[in-house]
Amino acid sequence: MISKHINSIIILFLFLLVSCQSNVQKDFTLNEISIIPQPKELELKKGSFTITKNTKVVINNESQRSIASYFIEKFYKASGIKLEISNSTNMRNSILINEKSGLTEEAYVLGIEDKTIKIEASSYGGFMYAFQSLFQLLPPEIESNSVQTDIQWILPNITIIDAPRYKWRGLMLDLSRHFFDKEYIKEVITNLAMHKMNVLHLHLVDDQGWRIEIKKYPKLTEKGAWRVDQESAAWKGRRETTAEEKGTYGGYLTQEDLKEIVAYGQSLNVEIVPEIEMPAHVSSAIASYPELSCLDKPIGVPSGGLWPITDIYCAGKESTFEFLEDVLTEVMDIFPSEYIHIGGDEATKTNWDVCPHCQKRIKEEGLKDTHELQSYFITRMEKFLNSKGKKLLGWDEILEGGLAPNATVMSWRGVKGGIEAVEQGHDVIMTPNSHCYFDHYQGPMNDEPKAWGGYLPLSKVYKFDPVVESMTPEQANHVLGGQANLWTEYVPTNEQSEYMIFPRIAALSEAVWSSKELRDWSDFSIRVKQLFKRYDVIGLNYAKSVYLVSSNSEISLENKSISLVLKNELSNSDIRYVLGNSELNTDAIKYTNPIEITETTVIKAALFEDDIAIGKIYIDTIKFHKAVGKTVKYENIYSDQYKGQGAFNLTNSIRGTKNFHDGQWQAWIGNDMEVVIDLENEQTIEKVSVGTMENQGSGIYFPVAVEVFTSIDGNSFEKQGETKRDYLQNADSSLKDFVVNINPINAKFVKVKVTNLGSPPNGGGSWLFVDEVVIE
Ligand code: TNX
């Protein structure tokens, strides 16, 4: 009897232990809460809620079943626990989904208390975002696609009241320059939803590939979706192809694929907006149907860079419009979106100038010029779209020659187009290339994979604001939101696409979701590192550029020393460094103030977290050569556009990077560089090197000669040596030191003459870029 009693006590004890384990109570602190984008209001309370297998998901009408299932499926994948849906009114251990009509579209309230989680919204999107916030309150393992054991699915007691600042929170993916398949696009949608982004704009048409099946015009994908494979050559270095050559590189999405993508987007509150370019960026269509152009001339689908874009649709022939209306009719059948994007950018209208059909149209319609002809073109397409209940969206070039009456403008060439459009009472979506172009570099160019150019680090994306200060409140109301654009000339794989999108999309999400007052870079710096843990679980190839250390230095002329500043983009970062040959380990010095350097040395630095180096190690050699800090006399002064650091730029020991805007380069357009360096006293010289760069796409060429002269008195110079190099085609950007070795000689003055290429074979001017003259 007694033993039986003891048994029951033990069983009761074990039961309590087990149930306690799955219901551990915890008080969270605010720094454990990390949600991106930052919610409007958040109140943390004492206590917590743990989701267990007994937790019920309670719905009170059938329309809530799909959102409940969305949550249940995601939770099941990571936890192995399949929660049940119930209609019960028992509030204990439940996740209650409640319709709340007063809330605006996409707004939500998430309330977690010891026994219940309450989720309130007035729309599917709102519920979806409540769950996204809930996921970010759970351990990062919730992002896993496989069952994670030993995880407490614990949530803080909290109230979050949240709503987006803008209704358009987008990402554009260019499928033409590189084709992404259905599966990858669905992954992108999943990850957009996680950031509460709600638009995926698919750039389905461009010169280098037509990516959407159009049943009435099968050649668009039989021919237009394939280009001659020159992927191993640089984008701008690919040869022109002919109409006869068969393309093998590319792909397209069938209408079924696209419908699946649209449905998948709907399930995550992401609207898919198609872009069908016109009248330019359509070589792929003209390669398929040459009669769409003014010249009727067969062309090949270009394999790479194409500029200017002259093979455009003929605006005179009626058949062009018939074709486009047919195409858009099929497009509208696939995409239920409110907007259809018609491109409209970068049309060079030289064919229109000479085409009899276009000229006839200009005359008959009483148009002034080809700009007005483009406006006629777009307005006609708008009428068609409006008649089908759709709104027209186009790049800011659609402003030229007069905006179509109801058009919405996507402002990409900075914010100018956006300002002009709202002044005319039109809606706009802001995607300025200054803050939203995810094809630009996000870290120092030397450390990053090849990108389009430009420099858009995470902190700059974070500064993006869709509204421009000069707008009146009424004009600001016409700003629908913002969008990042990923052009893919330099994005050849899924991994690279992830690298360019993440984490910059996190910064953008906060710019379009959270109110301005809530945005705080130093707080975001902490939260984004928490987000990285989730990215790791998902397996995203996100960029860690934000962990990079870079430097900036100044020369002190009195002390003849270099003062080196180490920088990292994140706030309050812990940078540590060592000089010389030491290893960068726990003994490394914590960086606080600029480092004084007076002799040639190697410096290694990295960002540390909890005494461990994270991210890539920065290594540089500060070369304390004989010219450091010495005066430079210029025979020809450098261009006003590229002054570098001014007077001592060539003798400050600091080297430029492949980013020619990095402030370390002095440049000459067309003419040579000739300088005399005063070494202040006689020294033995045996080597002179000149640091240069080449970026032919931007008109920057290596010099053809470097000559070195020396002098004791500064008047009579004697030539000591030279190095020459012939022009070579080079599609990449490259750095090169031109070295002149000479027989050791004593000198007080060194004259260096660097000869500009002068006239490049491809025409245009030729820039000569120099960052340093190293004398040894
Ligand atoms: C401009 S943005 C383009 C694209 C290029 C992009 C590269 C726009 C409407 N046109 O065709 O891919 O620059 O950054």
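This report covers the barrel, the helices packed on it, a helix pair and the nonpolar cores of a predicted model.

Residues are numbered from 1 along each chain as its sequence is written, and side-chain values use heavy atoms, without hydrogens and water. Local features need pLDDT of at least 70 and side-chain atom pairs count only at pLDDT 80 or more, while totals for chains, interfaces and linings use all residues.

**Barrel**

Eight strands close into a barrel, in the order β8-β9-β14-β15-β16-β17-β18-β19. Their pairing is parallel. Strands are DSSP E runs of at least two residues, helices H or I runs of at least four, both numbered from the N terminus. Two strands pair if DSSP finds at least two bridges between them. From one strand to the next, the twist averages 30°. β15 (residues 339-343) and β16 (residues 391-395) are joined by three bridges in the parallel sense. Here Ile340 stands opposite Leu392 in β16.

**Helices on the barrel**

Angles run from 0 to 180 degrees between N-to-C directions of axes, which are lines fitted to C-alpha atoms, for helices over the stretch in contact. Contact means heavy atoms within 4.5 Å.

| Helix | Residues | Lies across | Angle |
|---|---|---|---|
| α4 | 182-194 | β8, β9, β14 | about 150° to β9 |
| α11 | 370-387 | β14, β15, β16 | about 150° to β16 |

Ile189 is found in α4. At 0% relative accessibility, Ile189 counts as buried. Buried means under 20% relative accessible area, exposed over 50%, partly exposed in between (1.4 Å probe, protein chains only). Leaving aside neighbours within four places in sequence, Ile189 is in contact with residues including Leu200, Ile261, Tyr264 and Ile272.

**Helix pair**

The axes of α16 (residues 504-513) and α17 (residues 521-538) come within 11 Å and cross at roughly 130°. α16 and α17 are therefore oblique to each other. Angles under 35 degrees count as roughly parallel, over 145 as roughly antiparallel, 65 to 115 as roughly perpendicular and the rest as oblique. At the contact, Ile505, Ala506, Ala507 and Glu510 of α16 meet Phe524, Arg527, Leu531 and Tyr535 of α17.

**Cores**

A nonpolar core is a set of buried Ala, Val, Leu, Ile, Met, Phe, Trp, Tyr and Cys residues joined through side-chain atoms within 4.5 Å. The largest has 180 residues. Phe71, Leu200, Trp210, Tyr313, Ile505 and Leu566 touch the most other members. Apart from it lies another core of 27 residues, among them Tyr634, Leu679, Ala747 and Ile775. Beyond four places in sequence, Ile505 is in contact with Leu171, Leu192, His195, Met197, Phe438, Ala484 and Tyr535.
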